[in-house]
Amino acid sequence: MPKWMPRMTDARLIPRDRSAHPVPRDPDYKTSVARSPNLPLLSMPSTLTEETGPVFGHGLIGALDNNLILNFSQGAAPAIGERILLHGRVMDENARPVPNTLVEIWQANAGGRYRHVKDTYFAPLDPNFGGCGRTLTDENGQYQFLTIRPGAYPWPNRGNDWRPMHVHYSIFGQGFGQRLITQCYFEGDPLIDRCPIVATIKDRSQIDRLVAPLDMARAKPMDFLAYKFDIVLRGRRQTMFENRPEGM
Amino acid sequence: MVQKLDTLTETPSQTAGPYVHIGCIPSFAGVEGVYPEDLGLRAVEQGAKGETITITGSVHDGTGWTLRDAMLESWQADAVGLYPGQDGADPKVNGFCRFAADKDSGEFTLQTIKPGAVPGPDGTWQAPHIALWIVARGINTGLQTRIYFEDEDNSADPLLARIEQRPRVETLIAKKTGDGQYRFDIRLQGDGETVFLDI
Ligand SMILES: [Fe+2]
């Protein structure tokens, strides 16, 4: 047997297009100034280290994990706020669904306050809102959360900066190199265009990718509105013309 | 005009912000009772094969200040170099761990086993290493780096070989401070800046 066999590979991650992402340093987002590297990143094709990653089973997910309205009180009392279904699909750059991948979210309550020791904003905590949720995508890459729409909140940056309403997302994918954290904004929020964190993304069409449209087809009459937030993770390069050692 | 490609563009990153702990390690943030325990508490379970090690360190900004709000994730192979999910991998090795800088001191601790060498590109072998991913307020896209070990042979590692300025290799090498004890400090910017990866 020859040591090198041409084979259909489906492994190397597509190199990240950094122009689709925020700039690392933006003076209008002050904290980024001292926390961004001066020197270029070291680029290299992905290896087994980035192409593999943790896999989480359905046993991890509790019945209320994707219901932020009820999961903090464990079903005893609902959180206050505008009830929304936040749903969408996780795909890769090859437009293939990413099934069984963990999606975690966190957010402020309806008044714009986080349940965190570092959040000193005087909007009150909601005794029935924790602010975290998680779920696994199904075989088609679909996920959904029931939650309340988070409030906008002020933050110490320039003299009077406010975050638009947003939900933080953490997505795993199938390899550690696909790991992504981002934020979902809501259609029609005038604070999006005033936010220096949003503005770290210099490509307007990429900002639009983070704005979830109202989705009345998934809203439930007399119960909740719906917003749709699709996510695309790095894909894998598909080629028939690559020599790799056998068994890899 | 040309034909349209049917590929998609990756969703842009946004900073994890100061409250990342609520979503990823809620118990650490004081949000108790939603999940039975935080995800990724242990890189390995009791009985994992290999040398038990503890890596401590901290994350510093460009002024030298230690971050108190950073969250880190690690991913590694087992003692013989197999990743979880590969045939024959040690079932006691989770490979994945989440840990945060201490709210007061900024110190982080990773307790695990030392991984074995793993295959690299074109028949090469990568020296034992642990992949790290660092997120925090002010970091707009999570920073990737790696921990190597000073008591391993790193001379043929294909990633370390790509670092042009040889003194910078040291920024990826954990220093042995005792039996099974290592120190790994991360400098986001400036003097001794850690090599971050685009991989
Ligand atoms: Fe936030």
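Reply: A residue counts as buried under 20% relative accessible area, as exposed over 50%, and as partly exposed in between, with a 1.4 Å probe and the protein chains only. The model is predicted. Asn100(A) sits in the loop between β3 (83–92) and β4 of chain A. Its phi is positive, about 50 degrees, although the residue is not a glycine. Most residues other than glycine have a negative phi.

Asp122(B), which is not a glycine, has a positive phi near 55 degrees. Asp122(B) lies in the loop between β6 (118–119) and β7 (125–126) of chain B. With a relative accessible area of 60%, Asp122(B) is exposed, because the cut-off is 50%.

Chain A has three helices and 14 strands. Its C-alpha atoms fill a box of roughly 70 × 45 × 35 Å along the principal axes. Of its 248 residues, 56% are buried. Among the contacts in chain A between residues at least 6 apart in sequence, 72% join residues at least 24 apart. The mean pLDDT of chain A is 93, and 92% of its residues reach 70 or more. Over residues 1–9 of chain A, however, the pLDDT is below 50, and beyond near neighbours in sequence this stretch has 26 contacts in the model. Where pLDDT is low, the predicted coordinates should not be read in detail.

Which atoms coordinate the iron ion? They are the OH atoms of Tyr114(A) and Tyr153(A) and the NE2 atoms of His166(A) and His168(A), at 1.9 to 2.2 Å. Along the chain the donors follow the spacing Y-x38-Y-x12-H-x1-H. Tyr114(A) is buried at 0% relative accessible area, and Tyr153(A) is buried at 8%. Why is the arrangement around the iron ion irregular? The four donor atoms subtend angles of 91 to 163 degrees, whereas a tetrahedral arrangement would need every angle to lie between 85 and 135 degrees.

Over all chains, the structure holds zero disulfides. Cys195(A) is in none, and the nearest cysteine sulfur, that of Cys184(A), is 13 Å away. Cys195(A) is buried, with a relative accessible area of 2%. In chain B, the sulfur of Cys97(B) is 13 Å from the closest cysteine sulfur, that of Cys24(B), which is too far for a bond. Cys97(B) is buried at 4% relative accessible area.

That leaves the contact between the chains. It takes 84 residues from chain A and 75 residues from chain B. The chains bury about 7,000 Å² between them, 58% of it on carbon and sulfur atoms. On the chain A side, Arg35(A), Leu42(A) and Met44(A) lose the most area to chain B, together 13% of what that side buries.

Arg35(A) is also one of the residues in contact with Gln189(B); the others include Arg25(A), Asn38(A), Asp61(B) and Gly62(B). Gln189(B) is found in the loop between β12 (186–187) and β13 (197–198) of chain B and is buried, with a relative accessible area of 13%. Gln189(B) and Thr63(B) are 126 residues apart in sequence but 8.1 Å apart in space, C-alpha to C-alpha.

Arg25(A) is in turn a contact of Pro37(A), alongside Leu143(B), Leu188(B), Glu193(B) and Phe196(B), with neighbours within four places in sequence left aside. Pro37(A) lies in the loop between α1 (31–34) and β2 (42–43) of chain A and counts as buried at 16% relative accessibility. Between Pro37(A) and Arg25(A) the C-alpha distance is 8.4 Å, for 12 residues in sequence.

Thr141(B) belongs to the loop between β8 (130–135) and β9 (143–149) of chain B. Not counting residues up to four places away in sequence, Thr141(B) touches Arg16(A), Arg18(A), His21(A) and Pro22(A), as well as Ser13(B) of its own chain.

Technical notes
Residues are numbered from 1 along each chain as its sequence is written. Chains are lettered from A and ligands numbered from 1 in the order in which they are written. This is a predicted model: local features need pLDDT of at least 70, side-chain atom pairs count only at pLDDT 80 or more; totals for chains, interfaces and linings use all residues. Side-chain values use heavy atoms; hydrogens and water are left out. Helices (H or I, at least four residues) and strands (E, at least two) are DSSP runs, numbered from the N terminus. Contact means heavy atoms within 4.5 Å. pLDDT is the predictor's confidence in each residue, from 0 to 100. Donors are N, O and S atoms within 2.8 Å of the metal (3.2 Å for Na, K and Ca); water is not among the atoms, so sites may look incomplete. Four donors count as tetrahedral if all angles lie between 85 and 135 degrees; four count as square planar and six as octahedral if opposite donors are over 155 degrees apart and all others between 65 and 115; anything else is irregular. A disulfide is a pair of cysteine sulfur atoms within 2.5 Å. Buried area is the accessible area (1.4 Å probe) that two parts lose on being put together, summed over both.
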